[in-house]
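Here is a short briefing for a reader new to this structure. Look at the sequence and model below, then read on by topic.

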Amino acid sequence: MDWRDEGIVIAARRHGETAAIVEVLTPAHGRHAGVVRGGASRRMAAVLIPGTQVAVAWQARLGAHLGHFTLEPAQSRAGLMADATALAVLNSVCALLRACLPERDPHPDLYAATRALLDGAWPDGAAWGLAYLRWELGLLAGLGFGLDLTACAVTGARHDLAYVSPRTGRAVARGAAGEWADRLLPLPACLLGAAEADAAGLAQGLAITGHFLARETGEAAGLRPLPEARARLVERLARPIR
Amino acid sequence: MTDRTPREIEALIALMARLPGLGPRSARRAVLHLLTRREGLMAPLAQAMARVALAARDCAVCGNIGTSEICPICADPARATAEICVVEQVSDLWAMERAGVFRGRYHVLGGTLSALDGVTPDSLRIPALVDRVAAEGVTEVILALNATVEGATTAHYLAEALAETGASVTSLAQGVPVGGELDYLDDGTIGAALRARRRM
């Protein structure tokens, strides 16, 4: 069995003295792991940094085997490490992909969104935050939990949307919320494209996606918490935007 | 384990095989080498290891490994007290000392922040560093951490944690290594070198 694809390195850990087990996100093969022979070498260190764009060749005797990767670097994203917010985004993206995405399940749209996020020319922390928030919405959609923020779930109205239902993920208009308003998640204007992102709006938006991601990864059932890297990013984005 | 090798020697081989860089076969060769030089090498080595095992301890100030409560670097009055070089492991401290260009003091973190391995700020010697910088009147903290995602994440965290102390926080430059050829460098290193270019 073998295939060739492109991919983004999302994790690497040593395997024995000289090899590494590497996880990549590919468009056609989803999140996929494999052994890289010589992956612990200094020559491979720069290639196996999370975020690196690689050309991937996978080979195994049977499809069910872990298999071996041959990775060729295509594009370094080491520049992200120079910016604290960009690095926090990269850490959170890689951690969430590992926590939420099933292995070997293709998600070409999510792959494209991840590339666009990491390669975007985001000028400041607010832009990074909003781009990341939209990526999390894309992640939820890829997992089958896409939010419907186009119309009110109660009235069908397309204006004055102010809340999201924590059960259905559908928007609710301010006037339709009534006595349930305090049980709904506030919907920030930046998620509707109606305003620039600020710290408060990003925090509200990330609370919405965090709620549904936690449900997806089982945190709500006490099974597995959301990654620590996401919590650090949320904490960073909650500070006043500089 | 073979039937012909005494149990004590097999136990020694098994322990040696746990050392970095040694596997069962190379550990067996090393033990055989020691056994053929029992008086000249094996006994002195065993005595030296026993002495070090009893005396070795972490420096109470910087986390370096020494044989007294304060390591020789922290106890050296000729070392500058206004500069602290922060490293990840003792091996990094030894590498800096081999270069012989830094005359300040060190702080060994004991690792880097890692979401993958669950290493949080509280599991590292970060609070001790912040206290030390504030208490010792340090003017510059040099972050000599590895150029990995974990190293960079830790560096950004430290820069923010140390902001209130008023000390200047710097990091090692990244770029073309001495003797390096551009054609053999990866894109990330070339990019970092270009960003860190300096006027001639």
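A:His32 is found in strand S3 of chain A, residues 30-36. Helices (H or I, at least four residues) and strands (E, at least two) are DSSP runs, numbered from the N terminus. This is a predicted model, in which local features need pLDDT of at least 70, side-chain atom pairs count only at pLDDT 80 or more, and totals for chains, interfaces and linings use all residues. Residues are numbered from 1 along each chain as its sequence is written, chains are lettered from A in the order in which they are written, and side-chain values use heavy atoms, with hydrogens and water left out.

**Around A:His32**

- A:His32 is buried, at 2% relative accessible area. Buried means under 20%, exposed over 50%, and partly exposed in between (1.4 Å probe, protein chains only).
- The side chains of A:His32 and A:Arg104 make a polar contact of 3.2 Å. A polar contact is a pair of N or O atoms within 3.5 Å; within protein, one must be able to donate a hydrogen and the other to accept it, and residues adjacent in sequence count only if both atoms are side-chain atoms.
- Neighbours within four places in sequence aside, A:His32 is in contact with A:Trp3, A:Val22, A:Glu23, A:Val24, A:Trp58, A:Phe69 and A:Arg104. Contact means heavy atoms within 4.5 Å.

**Domains of chain B**

- Chain B has domain 1 (7-55) and domain 2 (65-199). The bounds come from an automatic or database domain assignment.
- The centres of these two domains, taken over C-alpha atoms, are 34 Å apart.

**Where the chains meet**

- In chain B, 18 residues are in contact with 22 residues of chain A.
- About 1500 Å² is buried between chain B and chain A, and carbon and sulfur atoms give 60% of that area. Buried area is the accessible area (1.4 Å probe) that two parts lose on being put together, summed over both.
- The rule finds 6 residue pairs in polar contact across this interface, both residues at pLDDT 80 or more.
- Helix H7 (149-161) and helix H8 (187-195) of chain B each supply at least two residues of the side that touches chain A. H7(B) gives the most, with 5 residues.
- By class, that side of chain B has 8 nonpolar, 6 polar and 4 charged residues. Ala, Val, Leu, Ile, Met, Phe, Trp, Tyr, Cys and Pro count as nonpolar, Asp, Glu, Lys and Arg as charged, and the others, Gly among them, as polar.

**Salt bridges between the chains**

- Across the interface of chain B and chain A the rule finds 2 salt bridges. A salt bridge is a side-chain nitrogen of Lys or Arg within 4 Å of a carboxyl oxygen of Asp or Glu.
- A:Arg236 pairs with B:Glu160, with the closest N and O atoms 2.3 Å apart. A:Arg236 is buried at 12% relative accessibility, whereas B:Glu160 is partly exposed at 31%.
- B:Glu160 also forms a salt bridge with A:Arg239, at 3.2 Å between the closest N and O atoms. B:Glu160 lies in helix H7 of chain B and A:Arg239 in the segment after H7 of chain A, so this pair joins two chains. A:Arg239 is partly exposed, at 29%.

**A salt bridge within chain B**

- B:Arg79 forms a salt bridge with B:Glu97, the closest N and O atoms being 2.5 Å apart.
- The two residues are 18 residues apart and link distant parts of the chain. B:Arg79 sits in the loop between helix H4 (72-75) and strand S3 (83-87), and B:Glu97 in helix H5 (residues 90-99).
- B:Arg79 is buried, at 5%. B:Glu97 is partly exposed, at 27%.
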